[in-house]
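Please read the following report alongside the sequence and the three-dimensional view, which come next.

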Amino acid sequence: MADMEEVVVEANCRPEETRATHAFRSSSPHYAQVIPITTSPPPTREEDGADWGCGELNPQDAWLPITESRNGNTISATFHLISSGIGIQALLLPLAFATLGWAWGIICLSLAFTWQLYTTWLLVHLHESESGIRYSRYLHLAVTAFGLKLGKLLTIFPVMYQSGGTCVQLIIIGGGIMELFFKNVCDVKSLTGTECFLVFMCMAIVVAQFPNLNSIAWVSFIGAITAVGYCTLIWALSIGKGRPSDISYNPPEMDSNMDTFGGIMNSIGIIFIAFRGHNVMLEIQGTLPSSSKHPSHKQMWRGVTISYALIAMCLLPLATAEFWAYGNKIPYSYGKILSSVSKFHGHKTSTFVLGLICIIVVINCLSTFQIYSMVVFDNLEFKYTSRKSKPCARWLRMVFRFLFGGVAFFAAVALPFLPSLAPLIGGMTLPLAYAYPCFMWIAIKKPQPRSGKWCINMGLGCLGLVLSVVLVVAAIWNLTDKGLNANFFKP
């Protein structure tokens, strides 16, 4: 991951020519660094507005996977948003309800959803400026708002973790579910977890050979269908099987007040990190065409509205139905959650149903992998095109993607406990979704100090930073108390 971070730093500090001059220079008198920005020259006449979008790509942007194609539409954006926005970590939402209870669980879930929907609105409307600049990468927007040094300092780690790190987690999760499927559905005991990781990674890299983000819209369509499918199937089965008689909704007893505090904050963290995708929001919008008369934020916001309505229809029933069915006996394990219907009802669920859920989850992980890995591929190709001043050959693209697959695989094998670090690293990257967009809005739009917009964004931004610090402290306490756990997929 250190090599990836170096790529990002170099990629976003290399001079690049654009159709208009927009550079952010270091305060150091000894050197200057330029951040590349995709620009669109403003039309000189109103009738030229329809052609504005035709000249918005600088030559290097036309070579990179994120901005190579801008022929997307509301439907493709919706598929990308759903596939990247729903993850298997949503299965742990009932666990948060078991600690918080009905009232506080629903309040926190509603607050997190509303908050991140608002910051999504901010990012969508910050994507393009009145001068025609389009910020198709989160880091570019952060540097514009905070300056070169602070922008990189604040955003490089969370962006890299939520792209490359998420791919590693998807290998661990997808491979773990495959192992669960082979051992409990197919009764194949010989496959090891490492072999399942390798099988999953090979399938993911084969699918990853599509050239750009817009070209994988159909993959995201499959990811969106499977995400909605397994969420709906799990909560529907929980309700359909009925509720066991010995279920309790009382919070679990803790040995000390600090344990109680750590459990509550860990549950809040589970809820807040269940919503994801802000680090690829600008990239998805970058696949849409834009003109002065038809800016991309109109299509993007329609896609956000549709996708987030579906996300809410998946996550809220999943959290409430699972908690209603299993109470505080909900297990802290993805594998046990998938097989919990049979455990708590005293008889085996149909092997076909359990196998179907596992297959759907694996397909969803493969689809989601493509969106987050595209950010890494974009950075790798940017480094090459900056040095060679020419696009990557097809064979070189394949080399980059197989290379990344190998690095991600070895990281997954070396760090099988990475999902157990999700509350810690999720707390560290939480400002990316809940705080930074508010501060970026203030820095770029410059609302009147102490006005309504200024107070709302400043308040939410500061609250997001405080929440991040508290969640990190609670996660460290829980890890110290309970230690790491790699058995997330054991039935």
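A residue is called buried when its relative accessible area is under 20%, exposed when that area is over 50%, and partly exposed in between, as computed with a 1.4 Å probe on protein chains only. The model is predicted, so local features need a pLDDT of at least 70 and side-chain atom pairs count only at pLDDT 80 or more, while totals for chains, interfaces and linings use all residues. Residues are numbered from 1 along each chain as its sequence is written, and side-chain values use heavy atoms, with hydrogens and water left out.

| Residue | Relative accessible area |
|---|---|
| M300 | 0% |
| C358 | 1% |
| C365 | 2% |

M300 is found in helix α10, where helices are DSSP runs of H or I with at least four residues, strands are E runs of at least two, and both are numbered from the N terminus. Leaving aside residues up to four places away in sequence, M300 touches A77, L81, V124, M281, I284, Q285 and L288, a contact being heavy atoms within 4.5 Å. Although M300 and A77 are 223 residues apart along the chain, their C-alpha atoms are separated by 6.7 Å.

A77 and L81 are among the buried residues of α2, which also include T74, S76, T78, H80, I82, S83, S84 and G85. Because ten of its twelve residues are buried, α2 is largely enclosed by the rest of the structure, and the elements covering those buried residues include α7, α9 (281–285), α10 (296–326) and α13.

Helix α7 (residues 217–240) packs with helix α13 (residues 351–388) at an angle of about 145°, their axes lying 8 Å apart; axes are lines fitted to C-alpha atoms, for helices over the stretch in contact, and angles run from 0 to 180 degrees between N-to-C directions. Among the residues making this contact are V219, T226, Y230 and L237 of α7, and V353, I360, N364 and I371 of α13. The contact residues divide into 14 nonpolar, six polar and no charged.

Disulfides, meaning pairs of cysteine sulfur atoms within 2.5 Å, number zero here. C358 is in no disulfide, the nearest cysteine sulfur, that of C186, being 9.4 Å away.

Key:
Ala, Val, Leu, Ile, Met, Phe, Trp, Tyr, Cys and Pro count as nonpolar, Asp, Glu, Lys and Arg as charged, and the others, Gly among them, as polar.
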